[in-house]
Amino acid sequence: MKIEKYLVLNRYLLSLFGFSEPRDLFNKLKDKKPGYDSDGRSYFVNTLLALDDLRMSRDELLKYDERIRLLVQRINARREPVTLKYFQYLAVLFTEIVLDNLKNRQ
């Protein structure tokens with residue numbers, strides 16, 4: 001039995017994007033290039049917005065993406081620039097979603 005089946009929060013977060021297995025979401029994003037388009041949106045969020053089974057509002061997802069962009073921008077202002085890989089982006093995105101839910105939706 002895989003431990004992932006018992007991680008309720010992980011399952012919830014994956015379900016927001018219409019997935020039940022992490023590898024399926026990873027496969028959607030792993031070939032996308034890191035960085036941002038001319039509108040300031042990450043290439044990852046553009047892929048997520050195009051998902052058929054997206055179960056969160058487009059505006060929320062764009063808000064989280066903007067927060068991540070600003071966070072990376074702040075980090076890059078003080079050190080050698082970093083670019084988030086798809087799994088790092090997802091980790092930060094999931095953190096943003098959880099913290100937003102804890103803070104603003106109790």
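# Reading contacts and helices

User: Which residues does Arg41 touch, not counting residues up to four places away in sequence?

Analyst: Arg41 touches Gly35, Tyr36, Asn46, Leu49, Arg58, Leu62 and Asp65, with residues up to four places away in sequence not counted. Contact here means heavy atoms within 4.5 Å. This is a predicted model, in which local features need pLDDT of at least 70, side-chain atom pairs count only at pLDDT 80 or more, and totals for chains, interfaces and linings use all residues. Residues are numbered from 1 along each chain as its sequence is written, and side-chain values use heavy atoms, with hydrogens and water left out.

User: Where is Arg41 found, and is Arg41 buried or partly exposed?

Analyst: Look in the loop between α2 and α3. Helices (H or I, at least four residues) and strands (E, at least two) are DSSP runs, numbered from the N terminus. Buried means under 20% relative accessible area, exposed over 50%, and partly exposed in between (1.4 Å probe, protein chains only). With a relative accessible area of 27%, Arg41 is partly exposed.

User: Which residues of α5 are buried, and where do they fall around the helix?

Analyst: They are Tyr89, Leu90, Leu93, Phe94, Glu96, Ile97 and Asp100. Seen down the axis of α5, these buried residues fall within an arc of 155 degrees, so they line one face of the helix. That arc is taken from the directions from the helix axis to the C-beta atoms. The buried residues of α5 pack against α1 (8–15), α2 (22–29), α3 (43–49) and α4 (58–77).

User: How are two packed helices described?

Analyst: Two packed helices are described by the angle between their axes and the distance between the axes. Axes are lines fitted to C-alpha atoms, for helices over the stretch in contact, and angles run from 0 to 180 degrees between N-to-C directions. For α4 and α5, the angle is about 120 degrees and the axes are 10 Å apart. At this contact, Leu61, Lys63, Tyr64, Asp65, Arg67, Ile68 and Leu71 in α4 meet Tyr89, Val92, Leu93, Glu96, Ile97 and Asp100 in α5. The residues of the contact divide into eight nonpolar, no polar and five charged. Ala, Val, Leu, Ile, Met, Phe, Trp, Tyr, Cys and Pro count as nonpolar, Asp, Glu, Lys and Arg as charged, and the others, Gly among them, as polar.

User: What does Thr47 touch, not counting residues up to four places away in sequence?

Analyst: Lys28, Leu29 and Lys32. Thr47 is in helix α3 and is buried, with a relative accessible area of 15%. Thr47 and Leu29 are 18 residues apart along the chain, while their C-alpha atoms are separated by 7.2 Å.
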